[in-house]
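Please look over the chain below.

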Amino acid sequence: MDHSHHQHMQHSPSQTDTQKSDPHSMGHGGGHAGMSMQSMVKDMRNRFIVAAILSLIIVFWSPIGRDVFGFKTPAPFGLRDDIFTLILSLPVIFYSAWIFFDGAYRALRARTLNMMVLVAVGVGAGWLYSLFVTLTGGGDVFYEAATVLTSFVLLGHWLEMRARGGANDAVKTLLKLAPPKAFVIRKGETIEVLTSELVIGDILLIRPGSKIPTDGIVEEGDSDIDESMVTGESLPVAKTVGSPVIGATLNTTGTLRVRATKVGADTVLAQIVELVQDAQSSKAPGQRLADRAAFWLVLVALIGGILTLVSWLLFGATFQVAILFAITVVVITCPDALGLATPTAIMVGTGLGAKRGILFKTASALETSARITTVVMDKTGTLTQGKPEVTDFITLSYDKKQLLGLVAAVERESEHPLAGAVVTYAEAKKASVLKATAFRNVPGHGAGATVDGHKVFIGNRKLMTAEGINIDPVSKKREELSSTGRTTVLVAVDGEAVGIIALADAIRDTAVSAIKALHDSGIEVVMLTGDNQATAERIASQLHIDTVIAEVLPADKSAKIAELQKQGKRVAMVGDGVNDAPALAQSDLGIAIGAGTDVAIETADVVLMRSDPLGVPTALRIGKGTLRKMHQNLSWAVGYNTIALPIAAGVFYSSLGLKLSPEIAALSMSGSSVIVAVNALLLKRLKLPQAEAVSQVIAQNSRRLASNV
């Protein structure tokens, strides 16, 4: 069955025309000209209902109804049974089953064999043989076989499309997120316009509790924004003037004025939808295999049908018995389940990822992620937050809290990034807030000021030497801290060295859980960083990372990945910056983390919307689960055909009396497809890595601190 073409929401006209009546293309999450997914499901349902009602009536006036059910009523208008059932079969053949004939014609024109060809041959052969018998004076006909077969195949398609529709909810939900209308301030007045009519530069008024219509930058106001629907980040994010905001996210507390920077197809949401659709419509290697297998199975079925017909005739059976067995073979061997096996799993897998802010750009990315043996992580911005925090505060003679108050007073006046970390730490420790006067910044060295009558200096060794301060009392401790990769700042009060502040890049809250989850899956973790060995070792020991490759220049990152690959490892690279792009491209699976740079996102195969390393094991786990479902489905489909074909051909008829009618064949074939679709949907119950409670508590506390600053 040709399941190759999942569709996008928009089609080129040529694509549309070629797929108009292929129920498989209908099942693929997109539409054709003017036909939404819902209307396609409805169309399939209508075709099925017509076929089901008419075939039920036909069964009563067929040999089955007469001989098996003992139905005695004569056909109306004095018609012969076969003429009456022929008339009833016309809408089924020319309306309900027409999509199969049309699809078969297209497939043959494209020189391929697919599911459509088989159904068309099965239904067409049975109906045409019966028509010939009716027109030549009557006899045993099986219009009921042709119409019941049509009903069951359509039922299978209808259920399969509904299942796919369910798997595609991720895209539908995403599309529904953006609000339909927006309030815009034009010429000093607030007017309501359709979101689709917004232009770049529009000033939007965002009230508390309303959704942000499109991507933009805050021009006025402060608020917390719930971005969980797009990034998966569970806690609201604080926004002030100059902060970027994402369309479809929810404004919680304050009123904002936002200038639109991206509209329509350029917005983050539109790109997410496009990525998910691209992944769902691209083919995984396993899917190509299934397509090839489907082609050969159709060939086997058609040859099997002809051989069955000829063999039974040679064994002296009547033509009617022979053709019945032949049609049954053709019908039951429909590789419907085979064609469904991988697309349904891919649909569910990509949807599962999208709900967690994990975007697989292609179906092969899903399959590759299942086979990864080594994960290489960039340190800054991936495992760490890329911003400093105070790790140690050591005093010699002073009371800690008192000294912290003096230090914080000086640092509040400073613009230096490290100063902010010290102030945050002082506020967390509830140090007294003092006022600094005569503040003096010494670029590259540190700063000084007078606080509470004391002369306070904070900075490096050079600053202390320049001020004539003896640093011997603190130098041993300073070297100790520096050797573990921390940045040290010295504190002097009234000409004496009295303390050391050690700062380091803060580790992300979920990094420990992420590494543990990767280890649990048997994956080796490598940290790749341009930082010095000491800093890298410190973080690696905290996170239990297996291998550290430090002091690597950005240009050499991809070479390091290639080295690992030469050792036979399947490597996933996780990075967030421009300098990671070559390494992401070199790796077997590039994972861009967080709202990283556009370059990183372009070259990656998987995009994690949140800056959360826990997304890495989650993505790999989804890949593994999806691949497992693909394999289960393929095994089921192939195994089913292997058993069904000989039974259908009547191999066991004489010995065991085992015989299938075309109707039963159609039912079991449709049942097989539905089993495959349902099995894929079970993927939604996949167990995914969770952050450990401890790191969640740390996360909440550190966010609480941040919000107090």
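## Basis

This is a predicted model, in which local features need pLDDT of at least 70 and side-chain atom pairs count only at pLDDT 80 or more, while totals for chains, interfaces and linings use all residues. Residues are numbered from 1 along each chain as its sequence is written, and side-chain values use heavy atoms, with hydrogens and water left out.

## Overall chain

The protein chain holds 29 helices and 22 strands. These are DSSP runs numbered from the N terminus: helices are H or I with at least four residues, strands are E with at least two. Of the 709 residues, 52% are buried. Buried means under 20% relative accessible area, exposed over 50%, and partly exposed in between (1.4 Å probe, protein chains only).

The accessible surface of the chain is about 30800 Å², and carbon and sulfur atoms supply 59% of it. Areas come from the Shrake-Rupley method with a 1.4 Å probe; for residues, only the protein chains shown count as cover. Among contacts with a separation of 6 or more, 67% join residues 24 or more positions apart. A contact means heavy atoms within 4.5 Å.

## Nonpolar cores

The largest nonpolar core has 63 residues. Such a core is a set of buried Ala, Val, Leu, Ile, Met, Phe, Trp, Tyr and Cys residues joined through side-chain atoms within 4.5 Å. Phe100, Leu118, Val119, Val123, Phe142, Val153 and Leu154 have the most contacts inside the core. Leaving aside neighbours within four places in sequence, Val153 touches Phe100, Met115, Val119, Met669 and Ser670.

Just after helix 21, Gly522 takes a positive phi of about 75°.

Three strands form an open antiparallel sheet in the order 6-5-8. Strand 6 (237–239) and strand 8 (250–251) are the edges; each has a single partner strand, so one side of each is left without a neighbour in the sheet. Strand 5 (residues 223–226) is joined to strand 6 by three bridges. Asp224 has Ala238 in strand 6 as its bridge partner. Two strands count as paired if DSSP finds at least two bridges between them.

Strand 14 (residues 446–451) and strand 15 (residues 454–459) run antiparallel, joined by six bridges. Ala447 stands opposite Ile458 in strand 15. Their hairpin has two residues between the strands, and Asp452 takes a positive phi near 55° there. Strand 15 also pairs with strand 16 (residues 487–493), antiparallel over four bridges. Here Ile458 stands opposite Val491.

Leu56, Phe60, Val68 and Phe69 make a nonpolar surface patch of about 430 Å². Patch residues have over 30% relative accessible area and no salt bridge; like charges are joined within 9 Å, and nonpolar side chains (Val, Leu, Ile, Met, Phe, Trp, Tyr) within 5 Å. A salt bridge is a side-chain nitrogen of Lys or Arg within 4 Å of a carboxyl oxygen of Asp or Glu. Val68 lies in helix 4 (residues 63–68). Val68 is exposed, with a relative accessible area of 63%.

Ile643 belongs to helix 26 (residues 615–648). At 57% relative accessibility, Ile643 counts as exposed. Ile643 and Thr333 are 310 residues apart in sequence, yet 9.9 Å apart in space, C-alpha to C-alpha.
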